[in-house]
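I am keeping these notes while going through a structure. Each entry records what I looked up.

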Amino acid sequence: MPVSTFSDCRTFAREISGLDQWPGLRDSIRPRGASGLFRSRPPLTIQLYTASLEQRLILPRTGGLLLIERPLGRRLPAPPSLHDRALVMIARHWEVLLVTLAMLFPMLAAAILVALVSELLVGLVAVGVALIPTVAIVVSTVTQQLLHFALGDGWNSKQSIRSQLRMKHWAVTLMYKDGQGQPARPLDALLSTAHVRSAHLLANSSGQSLPVLVVSDGICGPRPQEGAFANFRLMRLPSTSTANLDLIAYLVTDGPLQGPDSPGRFSASDSLVLFGGTAVLLGISPVLVADREAQRCAGVNNCAETPASYGDAFYWLANRILGGDPEGLSAADPWNRALGLLVSIYGLFVLATFISRLIDQRIHSNRITIEGVVQQFESRRSLNNSS
């Protein structure tokens, strides 16, 4: 059972969105996604409720709340209700769903229009208009990645270290204390409560608890101060960038700070999506393309310059992924032409993914490394523990 109802979460969300610092706070808990056109996380009410379902929402008796996020490389037990599981899945893949709907709905509307109206020109115009959102998403994604790489030195350093620590460590992404009181101590008390109440979540596979990342952008009010408190110690995350104000909260008995096993490289799932999707596209689509082209050119008995065979259709589609028709071979069927345009856009998606990963890898190599952060943190922790 969730520790808070949807109505309670909506009330909390309204209180937080009414704060003066809400614009910056929103960019932290609902950042822009890869394209810059959509938020990568759902509205705050949904985030709080799904966190409640997964026991990631801490509500101390003194008021306020903490929202903690799981390590990116770890899954949590699914809620028992099918409705709740669906809501958690939607929240987890929010940006992917928005991008997919933005691309599929216009194409579906164009397909319905073409089915109702038999004129070729109307069909081509409808398909062209339906492709505008897809092209806009691809162009915006590539542009955003290049701008972050060229101009966002502090942003890149901050996001690089934070994302690497998020692979294995829990993170406090929202810390809110309602009511009045001393500016720092109530927040410190909230953080201490999170360590005590979520000990069963914070442990790794070996049963040892690990330090927790505290995202400074998600703190409502003054930042907690470094130092030792009743149940934990708080230390600023080492970094060469002044933009990085994140904190690490840890118990004396916590395990060491850990980075990812292979930061900045293509994961197995990335490769599976890229190459698996391309293999399916090039394996099945040529059958459909060749069949339509063969039917179209059968009456004129001239299929020499059209992809009317499986081999020619495969070669034509492979070239369309790279952006254009091969010399002496082009589709005559209008729907195959539209498919060729979609395949070219798919090629842009693959290119955008590669550019994004290469930029991430360059960031990891040029900025302070996660190994350096871990070493500095553990050195300072040893000094603090011995003092």
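Entry one, Leu 174. I looked for Leu 174 and found it in strand 3. The model is a predicted one. Is Leu 174 buried or exposed? I noted a relative accessible area of 0% for Leu 174, and it is buried because that is under the 20% cut-off. I then listed what Leu 174 touches, leaving out residues up to four places away in sequence: Ile 16, Leu 25, Ile 29, Leu 44, Leu 48, Leu 65, Leu 66, Leu 67, Gly 218 and Cys 220. I also looked up Ile 68, which is 106 residues from Leu 174 along the chain, while their C-alpha atoms are separated by 7.2 Å.

Entry two, the core. I went on to the largest nonpolar core, which has 23 residues. Which of its residues touch the most other members? I wrote down Ile 16, Leu 25, Leu 44, Leu 48, Leu 65 and Leu 174. The elements that give two or more residues to this core are helix 1 (6–17), helix 2 (22–29), helix 3 (44–53), strand 2 (65–69), helix 4 (82–92) and strand 3 (171–176). Helix 3 gives the most, with six residues. Apart from neighbours within four places in sequence, Leu 44 is in contact with Ala 13, Ile 16, Trp 22, Ile 29, Arg 30 and Leu 174.

Two packed helices are described by the angle between their axes and the distance between the axes, so I looked up both values. For helix 3 and helix 4 the angle is about 125° and the axes are 10 Å apart. Helix 3 is therefore oblique to helix 4. Helix 3 passes helix 4 in a left-handed crossing. Which residues make the contact? On the side of helix 3 I noted Ile 46, Tyr 49, Thr 50 and Leu 53, and on the side of helix 4 Asp 84, Leu 87, Val 88 and Ala 91. By type, the residues of this contact are six nonpolar, one polar and one charged.

I found Gln 55 in the loop between helix 3 and strand 1 (57–58). Its phi is near 60°, a positive value in a residue other than glycine. Gln 55 counts as partly exposed because its relative accessibility is 45%.

Where is Glu 327 found? I placed Glu 327 in the loop between helix 12 (310–321) and helix 13 (334–366). Its relative accessibility is 83%, so Glu 327 counts as exposed. Glu 305 is 22 residues from Glu 327 in sequence, and their C-alpha atoms are 9.3 Å apart in space.

I found Arg 337 in helix 13. With neighbours within four places in sequence left aside, Arg 337 is in contact with Ala 331 and Ala 332. Between Arg 337 and Val 289 I noted 48 residues in sequence and 9.5 Å from C-alpha to C-alpha.

Entry seven, the whole protein. How many helices and strands are there in the protein? I noted 14 helices and seven strands. Of the 387 residues, 44% are buried. I looked up contacts between residues at least 6 apart in sequence, and 72% of these join residues at least 24 apart.

Notes. Residues are numbered from 1 along each chain as its sequence is written. This is a predicted model: local features need pLDDT of at least 70, side-chain atom pairs count only at pLDDT 80 or more; totals for chains, interfaces and linings use all residues. Side-chain values use heavy atoms; hydrogens and water are left out. Helices (H or I, at least four residues) and strands (E, at least two) are DSSP runs, numbered from the N terminus. Buried means under 20% relative accessible area, exposed over 50%, partly exposed in between (1.4 Å probe, protein chains only). A nonpolar core is a set of buried Ala, Val, Leu, Ile, Met, Phe, Trp, Tyr and Cys residues joined through side-chain atoms within 4.5 Å. Contact means heavy atoms within 4.5 Å. Axes are lines fitted to C-alpha atoms, for helices over the stretch in contact, and angles run from 0 to 180 degrees between N-to-C directions. Angles under 35 degrees count as roughly parallel, over 145 as roughly antiparallel, 65 to 115 as roughly perpendicular and the rest as oblique. A crossing is left-handed if the near helix is turned anticlockwise from the far one by less than a right angle, and right-handed if clockwise. Ala, Val, Leu, Ile, Met, Phe, Trp, Tyr, Cys and Pro count as nonpolar, Asp, Glu, Lys and Arg as charged, and the others, Gly among them, as polar.
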